[in-house]
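Okay, thanks for coming, everyone. Let me put the structure up and then walk you through it.

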Amino acid sequence: MNRFLTPSRLTWLHRANPSLKLAVLIILFIVTVQTRSIDFAVYQAAVYIAVLFLFSGYPAWKVSLLVLSFSLVFVSSSLTMILFGKGDHVWWQWGLFRVSEESFYRGLHLGFRAIAFAAEGLLFVMTTPSVKLFYSLMQNFRLPPKFAYSFMASIRLLSIVWEEFLIRRQALRIRGVRTGRGLSGLLEHVRLYAVPLLSQSIRRAHRVAVAMEAKQFSGSGRRTYYYPSAFSRYDGLAVLMFVIALAAAYYAAAAVPWFGIEDVRYHGQG
Amino acid sequence: MNSSTMQLDRPKGLKLSDLLVTILLSLVIGVVYHFWGSVNDLFKPLFFQADELMYGMWFLASTLAALLIRKPGVALLAEVAAAHVEILFGSEWGLQLAIYGVAQGLAAELIFALFRYRKFSMGVAALAGMASGLGSFLVDVYYGYVTDYTTWMIVFKYVMRLISSAVLAGYLAYALTKALEATGVTQLLRPVTAKDYEALDHD
């Protein structure tokens with residue numbers, strides 16, 4: 001899909017089974033959601049970022065760029081809670097803003113947790129091409145082929161929709177169509193672009209679907225697959241690595257706590 | 001043959017063409033939202049919580065697909081597919097959005113199911129959009145401790161979100177559906193109804 005997101009080398013993590021990787025990462029995701037201790041959240045974020053650097057197969061500068069973008073994730077996840085969260089030990093108040101000790105740490109916790117989620121998500125996205133995921137889901141998790149092939153075909157059709165958008169824009173420009181500014185201009189944009197592009201997408205998708213049905217892509221019988229997907233020793237390795245990573249984060253949080261707050265949720269009155 | 005037995009002959013569930021149309025529509029909307037979101041991120045510090053006013057865009061995919069295709073399961077699938085765009089683009093929010101997508105899609109699906117997939121008006125679409133908004137609130141509570149915001153902030157944030165859901169997923173989706181109906185493409189999609197068979201009988 002995106003040239004930026006093409007790895008420079010394939011690591012063993014790329015070879016692990018995509019559905020298994022997805023399952024493991026969803027479990028890790030749930031562990032992160034359940035995390036209430038701020039230290040554990042910090043170390044989870046750190047550990048998964050370390051895994052990204054080590055095993056994602058991308059050059060360090062690219063991973064660094066992505067990790068830098070986490071700072072935006074951190075700010076947007078934490079700021080509202082820091083400024084407007086509940087709390088009793090008020091540090092600073094100005095108008096509607098009200099920063100208290102509790103809200104501050106709760107905000108930091110949310111920020112670090114968001115970074116952990118982002119790293120987990122990227123670990124999956126950066127090591128798994130979409131096509132492989134759908135082939136694996138069909139073969140290992142019995143996803144009906146019509147769903148998988150619809151997704152894969154739609155992803156290919158997207159680039160045609162983009163091309164049509166460009167053509168539409170040029171056609172409108174060459175006819176000197178001007179839209180107003182502000183809200184009415186926005187609505188006019190919707191009318192000029194959304195309806196032709198959507199109706200054309202529907203027509204094309206329908207046509208492609210009829211062709212695919214004729215070729216039995218919707219069939220429910222036994223079928224063969226162009227990309228066979230199986231389990232291998234890399235799967236064991238991947239599971240082991242993620243278990244070690246999580247355990248490392250847990251013990252590091254117990255051994256070297258930075259904040260020492262076990263539960264950041266609000267329990268007081270008010 | 002009378003119309004009721006004709007209806008039973010129709011294969012139940014979603015056909016490949018329903019799936020493909022739903023998913024492609026949702027991906028297109030997901031892409032629009034993705035680029036809109038990147039612009040939005042830059043203005044975020046200027047207009048406080050302004051992103052909530054656009055939040056309903058997320059639910060547009062499911063109500064639009066449901067209004068167009070009018071079959072069970074479409075709303076949920078559309079929402080999951082729209083969330084999938086963020087995974088495709090390697091967004092930092094990818095996995096989280098998949099969870100949100102499932103919750104929001106299920107909520108919208110529930111509303112259409114309550115009307116037994118018979119009523120596809122603007123009001124139902126707006127209700128479905130607001131249900132999705134509520135679904136996203138539940139995930140927020142679990143995931144972001146939003147009930148730990150000061151009370152006025154909770155109300156402010158989620159009232160804006162509900163309004164935006166009703167307008168974008170309700171009004172906009174309905175308007176788009178009407179416009180698409182005028183182009184004639186919806187005839188490709190919708191299941192044949194008893195009314196269509198009656199029209200044949202009277203000929």
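This is a predicted model: local features need pLDDT of at least 70, side-chain atom pairs count only at pLDDT 80 or more; totals for chains, interfaces and linings use all residues.

You'll find A:Q216 in the loop that runs between α8 (182–214) and α9 (233–255) of chain A.

Okay, on to helix packing. We describe two packed helices by the angle between their axes and the distance between the axes.

Let's do chain B first. Take helix α4, residues 74–88, and helix α5, residues 94–114: their axes come within 7 Å and cross at roughly 165 degrees. The cut-off for roughly antiparallel is over 145 degrees, so α4(B) and α5(B) count as roughly antiparallel to each other. As for the hand, α4(B) and α5(B) make a right-handed crossing. On the α4(B) side, the residues making this contact include B:V74, B:L76, B:V80 and B:I87, and on the α5(B) side they include B:G94, B:L97, B:V102 and B:F112. Sort the residues of that contact by class and you get twelve nonpolar, four polar and three charged.

Now over to chain A. Helix α3, residues 38–55, meets helix α4, residues 60–84, with axes coming within 9 Å and crossing at roughly 155 degrees. So α3(A) and α4(A) are roughly antiparallel to each other as well. The crossing of α3(A) past α4(A) is right-handed. Who makes the contact between α3(A) and α4(A)? From α3(A) it's A:I49, A:L52 and A:F53, and from α4(A) it's A:A60, A:V63, A:S64, A:V67 and A:F70. By class, that contact of α3(A) with α4(A) has seven nonpolar residues, one polar and no charged.

α4(A) and helix α5 of chain A, residues 101–127, pack at about 145 degrees, with their axes 8 Å apart. That crossing of α4(A) and α5(A) is right-handed, and its contact residues come out as 17 nonpolar, five polar and one charged.

Next, the annotations. For chain A, the unreviewed UniProt entry puts "transmembrane region" at residues 12–33, 40–58, 64–84, 104–127 and 237–261. In the model, residues 64–84 of chain A are 100% helix, with end C-alpha atoms 31 Å apart. Residues 104–127 of chain A are also 100% helix, and there the end C-alpha atoms lie 35 Å apart.

For chain B, the same label in an unreviewed UniProt entry covers residues 16–33, 97–117, 124–146 and 158–177. Residues 97–117 of chain B come out at 86% helix and 0% strand, with the ends 26 Å apart by C-alpha. Residues 158–177 of chain B are 100% helix, and their end C-alpha atoms are 27 Å apart.

Last stop: how is chain A divided into domains? Domain 1 takes in 3–133 + 231–255, and domain 2 takes in 145–214. Taken over C-alpha atoms, the centres of domain 1 and domain 2 of chain A are 35 Å apart.

Key: Residues are numbered from 1 along each chain as its sequence is written. Chains are lettered from A and ligands numbered from 1 in the order in which they are written. Side-chain values use heavy atoms; hydrogens and water are left out. Axes are lines fitted to C-alpha atoms, for helices over the stretch in contact, and angles run from 0 to 180 degrees between N-to-C directions. Helices (H or I, at least four residues) and strands (E, at least two) are DSSP runs, numbered from the N terminus. Angles under 35 degrees count as roughly parallel, over 145 as roughly antiparallel, 65 to 115 as roughly perpendicular and the rest as oblique. A crossing is left-handed if the near helix is turned anticlockwise from the far one by less than a right angle, and right-handed if clockwise. Contact means heavy atoms within 4.5 Å. Ala, Val, Leu, Ile, Met, Phe, Trp, Tyr, Cys and Pro count as nonpolar, Asp, Glu, Lys and Arg as charged, and the others, Gly among them, as polar. UniProt positions are given in the numbering used here, feature names are shortened, and annotations may be inferred rather than shown by experiment. Domain bounds come from an automatic or database domain assignment.
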